[in-house]
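Me: I have a protein model open and would like to check the words used to describe it. Please set each value against its definition.

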Amino acid sequence: MACIYGDVMKIDTTGASDKTAKQDKLTVHGVEASNQLAKNDSTRMNNYKALIKKVGSELKMDAAVICGIISRESRAGAALTDGWGDHGNGFGLMQVDKRHHTPVGGWNSEQHVRQGTQILIDSINEIKAKFPSWPKEHIFKGGIAAYNFGSKNVRTYERLDVGTTGDDYSNDVVARAQWFKRNGY
C-alpha cells in the first residue's frame, strides 16, 4: 500500500529544536535528536505496530508518519496519565484534543488511532485546498503542522512551524517518521 499523500522520505526536515531534544536530556539537536527520540520510543511503539500498520493501510497513510505523530504527541504512551496528556485536554496515543474533537475508543485502541489518523488526513486536505499549487510533499508536511495547530495557522512553507509546539512540530514529526520508516514501519 502506498501512501497517497506523499513520500515522507522526500520531505525536507530540520528535525527537533533544542527545546524538544531536552525532553530526553539530549545534547544533540535537529534530525539527530529526532532520530534518538524515535529510537527511545521504539520499544513502546512496537506494542502498537500491527494496529498502526492496519490503520495506515486502510486509510492509505504511511504507518511511519502515524508513528512520528504518536512519538511526538505521547512518547508512545509514556507521557500519558490514564490515557490523557496536555493538562487533561489531549487523549490517547495521538493526543486527540477534546476541545476540538470528541475522542473515541480507548486511549491506545485501533478506534483512537483511526480517529487521529483521520484528523491528520483532514488537515492535509485542508492544506491542499488552501495551497493548491504546493508540491505534494509540502502539502503533506503542512498537514502535519496543521495537525498540531490548525490549518488556519499554516501561512507559508518557509515558516511552517512558527507557532507550533516547540516551533518545530512538523520538522520533528517528519524526522521521527523517517526514522520509523527506516526501522520497519
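Reply: Start with one term: two residues are in contact when heavy atoms of theirs lie within 4.5 Å. Leaving aside neighbours within four places in sequence, N89 is in contact with W84, V96, D97, K98 and R99. Bear in mind that this is a predicted model.

Me: Where does N89 lie, and why is N89 called buried?

Reply: N89 lies in the loop between β1 (84-85) and β2 (90-91). Buried means under 20% relative accessible area. The relative accessible area of N89 is 16%, so N89 is buried.

Me: Why is K25 called exposed?

Reply: Exposed means over 50% relative accessible area. K25 has 72%, so K25 counts as exposed. The residue sits in the loop between α1 and α2. K25 also has a positive phi of about 55°, although it is not a glycine.

Me: What is the phi of D167, and where is D167?

Reply: The phi of D167 is near 55°, a positive value in a residue other than glycine. D167 is in the loop between α6 and α7.

Me: How do you know that V174 is buried?

Reply: The relative accessible area of V174 is 0%, and the limit for buried is under 20%, so V174 is buried. V174 belongs to helix α7. Apart from neighbours within four places in sequence, V174 is in contact with V8, I11, T13, K141 and I144. Between V174 and L37 there are 12 Å in space, C-alpha to C-alpha, and the two are 137 residues apart in sequence.

Me: How do you know that the span of helix α4 agrees with its number of residues?

Reply: The expected span is 1.5 Å times one less than the number of residues. For the twelve residues of α4 (residues 63-74) that gives 16 Å, and the end C-alpha atoms are 16 Å apart, so the two values agree.

Me: What makes α4 mostly covered, and what covers its buried residues?

Reply: Eleven of the twelve residues of α4 are buried. Among them are A63, V65, C67, I70 and S74. The covering elements include α1 (18-21), α2 (30-46), α3 (49-59), α5 (110-130), α6 (136-149) and α7 (169-182).

Me: What is found at the start of α4 and just after α4?

Reply: At the start, a side-chain oxygen of D62 comes within 2.9 Å of the backbone nitrogen of A64. Just after the helix, R75 takes a positive phi of about 55°.

Me: Why is α6 called largely enclosed?

Reply: Eleven of the 14 residues of α6 are buried, so the rest of the structure largely encloses α6. The buried residues include E137, F140, I144 and Y147. They pack against α4, α5 and α7. Just after α6, G150 takes a positive phi of about 85°.

Me: How many residues line the largest pocket, and how do they divide?

Reply: The lining of the largest pocket has 31 residues, and E73, Q95, Y147, N148 and F149 lie nearest its centre. The elements giving two or more residues to this lining are α1, α4, β3 (96-97), α5 and α6. By kind, the lining divides into eight nonpolar, 13 polar and ten charged residues. The space in the largest pocket is about 860 Å³.

Terms used. Residues numbered from 1 in each chain as written. Predicted model: local features only at pLDDT ≥ 70, side-chain atom pairs only at ≥ 80, totals over all residues. Heavy atoms only, no water. Helix = DSSP H or I, 4+ residues; strand = E, 2+ residues; numbered from the N terminus. Buried < 20%, exposed > 50% of the residue type's maximum accessible area, 1.4 Å probe, protein only. Polar contact = N/O pair within 3.5 Å; in protein donor to acceptor, adjacent residues only side chain to side chain. 1 Å grid on protein atoms, 1.4 Å probe; cavity = no way out; pocket = protein on both sides within 12 Å on 5 of 7 lines; lining within 4 Å. Points joined across faces, edges and corners; volume = space filled by probe spheres on them. Nonpolar A, V, L, I, M, F, W, Y, C, P; charged D, E, K, R; others polar.
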